[in-house]
Amino acid sequence: MNAERDLAPLAPGVVRALTDKLYEKRKVAALEIEKLVREFVAQNNTSQIKHVIQILSQEFALSQHPHSRKGGLIGLAACSIALGKDSGLYLKELIEPVLTCFNDADSRLRYYACEALYNIVKVARGSVLPHFNVLFDGLSKLAADPDPNVKSGSELLDRLLKDIVTESNQFDLVGFIPLLRERIYSNNQYARQFIISWILVLESVPDINLLDYLPEILDGLFQILGDNSKEIRKMCEVALGEFLKEIKKNPSSVKFAEMANILVIHCQAADDLIQLTAMCWMREFIQLAGRVMLPYSSGILTAVLPCLSYDDRKKNIKEVANVCNQSLMKLVIPEDDEMDEAKQSTIQTEPTSEESLSKPVVAASGSLDASGDSSNTSVFPVTSCERIQVILNLDGIVQVLDCHLHDTSTGMMTRIAVLKWLYHLYIKTPRKMFRHTDSLFPILLRTLSDESDEVILKDLELLAEIASSPAGQTEEGHGPSDGSDVRPGPVELHVPARAGQLSSSTKGLECSPSTPTMNSYFYKFMINLLKRFSSERKLLETRGAFIIRQLCLLLNAENIFHSMADILLREEDLKFASTMVHTLNTILLTSSELFQLRNQLKDLKTPESRNLFCCLYRSWCHNPVTTVSLCFLTQNYKHAYDLIQKFGDLEVTVDFLTEVDKLVQLIECPIFTYLRLQLLDVKNNPYLIKALYGLLMLLPQSSAFQLLSHRLQCVPNPELMQTTDNSKPSTSFKRTAASNIDYTELLQHFEMVQNKHLEARHQRAGRAEQLDRRVVL
């Protein structure tokens with residue numbers, strides 16, 4: 001009886017019915033409570049209303065007895081119904097005990113709690129919004145409930161709450177975001193489905209701007225996109241798609257900078273859907289935000305570059321990554337070379353009025369204007385009152401590119417993209433890029449050994465740009481020190497006037513605006529290239545001619561041959577020097593790229609051409625047969641004959657005879673057409689005929705011997721070829737007299753070099769003999 005008096009104003013019969021195990025009896029008790037509360041409402045007796053709610057909450061809903069808890073829940077729902085529109089005054093007291101029952105171990109009780117809360121929310125409608133977070137928290141737990149009835153009940157309550165939020169304009173989004181950010185990382189499928197459904201609802205409400213808080217939940221959305229459930233993945237894909245549409249419509253309100261690193265992370269995801277979606281977002285961000293994304297370039301490249309080497313199984317990701325890469329590259333402009341990286345610099349894309357100067361825009365805020373067309377690289381033509389502040393993190397970009405070149409597992413298309421990036425940076429920001437040249441140079445040289453011709457071509461373009469850019473010129477004029485190589489003397493590198501007149505517009509997007517004048521890195525490049533050929537003979541054999549020919553197209557051919565000849569003149573490895581000279585000579589005589597240089601050497605009309613001949617000659621002396629071919633090319637037939645006379649003192653080997661054989665084959669090629677025609681002028685070219693006969697005498701009875709013999713048999717009788725005009729002097733003598741070349745000194749130099757080669761061969765033979773003896777012992 002004391003307990004019954006304590007529970008007043010509830011009648012004893014109502015109390016007994018509320019704790020009954022039968023639902024029908026509890027329902028009857030609830031109707032009595034509803035009637036009682038209505039009377040209190042009519043009397044405006046708030047203290048009694050609070051007392052009834054407190055009794056139902058403390059003595060029933062939170063009771064240890066399950067039937068009492070069930071009675072308490074239905075009683076609280078009855079109170080809410082009785083209160084009607086006034087229930088909002090007591091929502092905290094009504095809701096809290098019901099939410100506590102959401103955690104009850106009894107599934108039936110959880111269902112009744114869900115039913116009770118549904119009735120409370122249905123009556124209160126918009127008044128429940130101040131309590132939305134606790135309701136959402138409770139519902140998110142019920143969404144993952146194992147009991148189907150509980151889950152079904154929670155879905156009804158969820159739909160009701162969504163309707164209330166949709167029709168209300170008082171939803172506290174700011175207060176809700178922290179809870180959403182926390183719950184979005186749930187691993188439970190049902191909880192994830194619940195979260196996504198709410199995001200879609202909030203996104204559809206015009207008065208709720210969820211886009212402002214997208215950076216808070218974007219990472220969680222991408223994680224949900226990787227869920228095992230196809231339905232959840234599809235829902236998440238739809239939500240992300242809606243956000244992206246909104247971003248395209250209202251780019252001025254998007255916080256691009258705050259989401260850049262989130263996209264970078266998910267662009268590297270192992271899940272294809274996550275990676276493709278993140279890459280599509282990255283593409284839109286770069287195109288919409290423009291240079292706002294530039295400070296994040298190193299991270300973007302880390303994510304994008306590996307995708308460029310994907311096979312057809314990931315074709316979609318590869319194509320989007322390629323667009324991202326190209327769009328990002330276009331954001332780097334020449335003005336970046338003039339900025340101090342230690343300070344934020346302002347790029348003004350449109351003229352500003354006087355009023356606009358007082359309104360700078362901070363990039364991190366995302367407060368930017370954009371046009372509607374997202375197809376352009378940067379659709380952020382900043383308005384007259386706005387500026388974009390950016391920092392090009394060149395050190396970070398170069399570090400990423402360098403790492404990809406060093407990584408042996410990097411795919412071919414990625415390596416090509418890396419080299420294109422480096423080339424583009426040297427074009428747009430040469431002054432800053434040359435700070436990194438010393439660290440990049442070794443890997444660029446190693447890349448010449450790549451198995452892909454396309455990679456080598458891009459590498460050569462980059463090395464040629466480094467060697468020819470005016471930004472690479474140092475005060476010393478001899479380039480950076482190379483450690484083991486010291487340049488003994490100046491080499492005159494001739495650059496024709498026409499080279500400086502090349503139009504940069506003809507090279508396209510990645511062209512170099514610089515003239516091909518040689519800078520401080522040119523000579524270093526030539527030294528290290530020859531070092532590479534010396535250490536990797538296979539590279540010289542398979543790609544040597546290809547590399548040099550391409551360099552002759554990219555740089556000045558005369559400078560390349562002049563500098564290589566100068567370096568080879570001091571080469572200690574005589575065998576390599578002979579091989580390299582033979583390679584260079586073959587290129588000189590056969591490559592279409594060197595047609596102009598051959599014509600220049602053929603006539604020796606200018607001091608520059610004569611200087612080049614003397615420089616080449618001294619190095620060509622490492623290989624006797626190539627020296628003779630150089631004399632044939634330059635029409636120095638008497639000197640060629642004198643050289644062949646010295647061949648009798650040389651060691652005639654199989655390799656030597658093979659080279660003579662190849663020279664005979666070359667004489668029959670179109671390159672030496674002028675030489676063959678000069679055989680008609682027997683009187684003025686006696687030494688040409690003697691030199692050819694000298695070669696014939698060197699050859700054994702072979703096909704080359706027969707070929708040259710047949711050619712010489714065609715030389716006409718000089719008496720038959722005599723003309724009436726005997727007043728014209730010999731052309732060859734005239735040119736020789738004008739050339740002022742000391743052929744005696746050149747001949748002595750030839751003998752000296754050949755003596756060195758003879759000594760070197762004897763030393764190698766001696767070492768080989770000693771090694772054989774040790775093996776026998």
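Start with the aromatic cluster: select Phe132, Phe136, Phe171, Phe176, Phe194 and Trp198, which ring pairs link together. Rings of Phe, Tyr and Trp (its six-membered ring) pair if their centres lie within 6.5 Å; planes under 30 degrees apart are stacked, over 60 edge-to-face, and the rest tilted. This is a predicted model, where local features need pLDDT of at least 70 and side-chain atom pairs count only at pLDDT 80 or more. Residues are numbered from 1 along each chain, and side-chain values use heavy atoms.

The whole structure holds 23 aromatic pairs. Zoom in on Phe171 and Phe176: their ring centres are 5.7 Å apart and the planes meet at 65°, so this pair is edge-to-face. Phe171 is buried at 12% relative accessibility, and Phe176 is buried at 0%. Buried means under 20% relative accessible area, exposed over 50%, partly exposed in between (1.4 Å probe, protein chains only).

Next, select Phe632 and Tyr637. Here the centres are 6.4 Å apart and the planes at 50°, so the pair is tilted. Both Phe632 and Tyr637 are buried.

Now look for charges over rings (NZ of Lys or CZ of Arg within 6 Å of the ring centre and within 35 degrees of the ring normal). The charged end of Arg26 sits over Tyr112, 5.6 Å from the ring centre. Lys602 lies over the face of Tyr674, at 4.6 Å from the ring centre.

Finish with the cysteines. With a disulfide taken as two cysteine sulfur atoms within 2.5 Å, the count is 0. Select Cys280: its closest cysteine sulfur, in Cys324, is 7.9 Å away, too far for a bond. Cys631 is in no disulfide either, with the sulfur of Cys621 nearest at 8.4 Å. Cys631 is buried, at 0% relative accessible area.
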